[in-house]
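This report describes the arrangement of the protein chains and the DNA strands in the model shown below.

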2 protein chains.
Amino acid sequence: MFEPPTLKDIATALGLSTSTVSRALRDTYEISSKTKKLVLEYAEKINYQPNPSALSLKVRRSKSIGVLVSEVANYYFSQAISGIESIAYDRGYHVIITQTHESYDREKINIQHLASRSVDGLLVSLSAETADTSHLRDLHDKGLPMVFFDRIAEDINTHKITANNEQGAYDATVHLIKSGKRKIAHLTNSGQLSISIDRLKGYTRALQEYGITPNPNYIKHCNHGGMFYDEIESAVAEVMNLKDTPDAIFVGSDRLSVGCLSVLKNLNIGQDLIIAGFSNADVLDLFSYPLTSVRQPAFEIGQQATELLLQLIESKHPVTEFENRVIDTKLFVR
Amino acid sequence: MFEPPTLKDIATALGLSTSTVSRALRDTYEISSKTKKLVLEYAEKINYQPNPSALSLKVRRSKSIGVLVSEVANYYFSQAISGIESIAYDRGYHVIITQTHESYDREKINIQHLASRSVDGLLVSLSAETADTSHLRDLHDKGLPMVFFDRIAEDINTHKITANNEQGAYDATVHLIKSGKRKIAHLTNSGQLSISIDRLKGYTRALQEYGITPNPNYIKHCNHGGMFYDEIESAVAEVMNLKDTPDAIFVGSDRLSVGCLSVLKNLNIGQDLIIAGFSNADVLDLFSYPLTSVRQPAFEIGQQATELLLQLIESKHPVTEFENRVIDTKLFVR
DNA sequence: CTGAAAGCGCTAACAC
DNA sequence: GTGTTAGCGCTTTCAG
């Protein structure tokens, strides 16, 4: 069995009491410098690390934060996670990542898991299936610090940070319009997600500003966020089989953007389409099919979400003023 | 402050002792069924979750495993992580993921972090920079269960699981040879990594079997695993500027495969090259430049590594017989 | 300046 | 069957 050294080990080895050792290791003041030196050197020598379980039992803090995302195998989220880690590790926090794979049940289980694991706070991006957020609200009401990023819960009052999804969608749609297209379909994530709502708004606003009446048949939702290829395929097929075939598609998520291109290729259709979509993929330049992309500052979003969360966690007083940060996207025309 | 209910809360609420409640919850024998029912129902009602820190203090088990990979934003690793999680969660273990970004220093810090966080075991894939594995061997010697996957440490005696890198590299190289190429360059990860060594072996064996003398100038290592674009660019540029320009490249990693294509595109060279490389990307079919890929069963490797680790963790007796599993790759010709 | 002792939440002897 | 108690590793009064 793996048994790391304890305070007591140091104490007995040095003929001191555990409290003296404890103080030597942290307090600094009111301890003789020789004892301190002695202890520190010995601790260093045996590579002493305080037992985090004992510590968090005492301090009621685990120095870890939980992250809930739909999947790590996703350009956006993996970049966001790197941002999260960059801040968390600097501040001495561990990061526990969990994936929902866009499943509501999985989300509930994971959240429960994380809470029971006594994380000090949660960084949450909702799953595509999640319509009811009471599992999160319950925890939040009990005082568990929580920050939403990307896919936020409107009805939970805490910090939220997103890309400017409305504007990003608007920009992409305008790009399609300016490319001479007017029959622009919209393939997007499940309808209840905040990102879907905002991106739909931007898409609609662009159409209207350019005198195009939005066609409801052109809007296709993937309720599992494109976790199943079939889901994307049927959505794309449906819209492409309309009598009034679209001449462009604006896609509302990373997974769907890539998925849409795959479907078009596999079905061998839509060679004359222009596609624009949200995507943080770094390989888009290598695609044979040009994809104009809306790129989100995922790394920064992860960083800022973490900063906000740590602020909540470490705040002495209960926080009642919450921020709603919105960060600009960038359009990459291809 | 978020204060979850404790055993004591239940005990006082129900007028019982903590030990009775504890027993009722863990369903030991010799407890009256009505008390048990009472306790279980109340616990359910207030959504009681045992405090994991207290538990692991007692049981000396944290029910969590640590994972060390170079980065999650990587096709191979993100799939492997999903495999790891699929097993771990089923068995009631948490997964703490850490990234090295191919840095040796970061690897040491993370490993230290994980060990001090008292994980029950470690799933490790070495960073590109790691030549010295003593930080891992120390922990292993102290009894911390450890399983290596993908990038293994030869000198640590424990379970190891990898793809058949040698054969995968051989297959890819043979494909290039059979496509009529004989001047095959090899772009690969840092030289000390097990995967680099094995893939180089397969490459060399293929060449020799087909009567081609390996040309040392054709072999380029990226010592930071391609974390920096420049690193890949200069490696590719160097080999392409040779007097005897290669007519094909075999690439030894996921990141490098994609990176190599980017470089060729950006430098606008190598249009007549044939490229084959290790990659688990799911978007290769969308690339304008066809990339024949060697795909590893990353998800399964993650699963099996986790099973082996849990086996070690939960074994009553010290394990002395270790497996060295090798799993076949698949070649996708494009 | 240092030691003794209590207590964080939980389990496991040991009483009764 | 159920309660009492000690102790996991640590911090923190409280004494001295």
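## Domains of chain A

Chain A is divided into three parts: domain 1 (7-59), domain 2 (64-162 + 298-326) and domain 3 (165-295). The model is a predicted one. Between the C-alpha centres of domain 1 of chain A and domain 3 of chain A there are 60 Å.

## The mixed sheet of chain A

In chain A, six strands make up an open sheet with the order E7-E6-E8-E9-E10-E12, and the pairing is mixed. Strand E7 (219-222) and strand E12 (330-332) of chain A are the edge strands, each pairing on one side only. From one strand to the next, the twist averages 15°.

Within this sheet, strand E6 (residues 184-189) of chain A pairs with strand E8 (residues 248-251) of chain A in the parallel sense, over four bridges. His186(A) has Phe250(A) as its bridge partner in E8(A). Two helices lie across these strands. Helix H9 (residues 194-209) of chain A lies across E6 and E8 of chain A and runs at about 170° to E6(A). Helix H11 (residues 254-267) of chain A lies across E6, E7, E8, strand E9 (274-278) and strand E10 (291-295) of chain A, with an angle of about 155° to E9(A).

## The parallel sheet of chain B

An open sheet of six strands is found in chain B, in the order E2-E1-E3-E4-E5-E11, and its pairing is parallel.

Strand E3 (residues 121-124) of chain B runs parallel to strand E4 (residues 146-149) of chain B, and three bridges join them. Leu122(B) has Met146(B) as its bridge partner in E4(B).

## Contact between the chains

The contact draws 39 residues from chain A and 38 residues from chain B. On the side of chain B that touches chain A, two or more residues each come from H4, helix H5 (75-90), strand E2 (94-99), helix H6 (104-116) and helix H11 (254-267) of chain B. This side of chain B comprises 17 nonpolar, 16 polar and five charged residues.

Chain B is superposed on chain A by a rotation of 180° with 0.1 Å of shift along its axis, at an RMSD of 0.2 Å. This is therefore the relation of a two-fold axis. Both copies use the same surface, as 100% of the contact residues of chain B recur in chain A.

## Surfaces near the DNA

DNA strand D is surrounded by 26 residues, the closest being Thr6(A), Leu7(A), Ser19(A), Ser19(B) and Thr20(B). Two or more residues each are given to this surface by helix H1 (7-14), helix H2 (18-25) and helix H4 (52-59) of chain A, and by helix H2 (18-25) and helix H4 (52-59) of chain B. H2(A) provides the largest share, five residues. By class, the surface near DNA strand D holds nine nonpolar, eleven polar and six charged residues.

Around DNA strand C there are 24 residues, of which Ser19(A), Thr20(A), Thr6(B), Leu7(B) and Ser19(B) come nearest. At least two residues of this surface are supplied by each of H2 and H4 of chain A and helix H1 (7-14), H2 and H4 of chain B. Here the largest share, four residues, comes from H4(B). The surface near DNA strand C has eight nonpolar, eleven polar and five charged residues.

Notes: Residues are numbered from 1 along each chain as its sequence is written. Chains are lettered from A and ligands numbered from 1 in the order in which they are written. This is a predicted model: local features need pLDDT of at least 70, side-chain atom pairs count only at pLDDT 80 or more; totals for chains, interfaces and linings use all residues. A residue is near a molecule or strand if its C-beta atom, placed from the backbone, lies within 6 Å of it. Ala, Val, Leu, Ile, Met, Phe, Trp, Tyr, Cys and Pro count as nonpolar, Asp, Glu, Lys and Arg as charged, and the others, Gly among them, as polar. Two residues are in contact if their C-beta atoms, placed from the backbone, lie within 7 Å. Copies are superposed by least squares on the C-alpha atoms of residues with pLDDT of at least 70 in both. Two strands pair if DSSP finds at least two bridges between them. Domain bounds come from an automatic or database domain assignment. Axes are lines fitted to C-alpha atoms, for helices over the stretch in contact, and angles run from 0 to 180 degrees between N-to-C directions.
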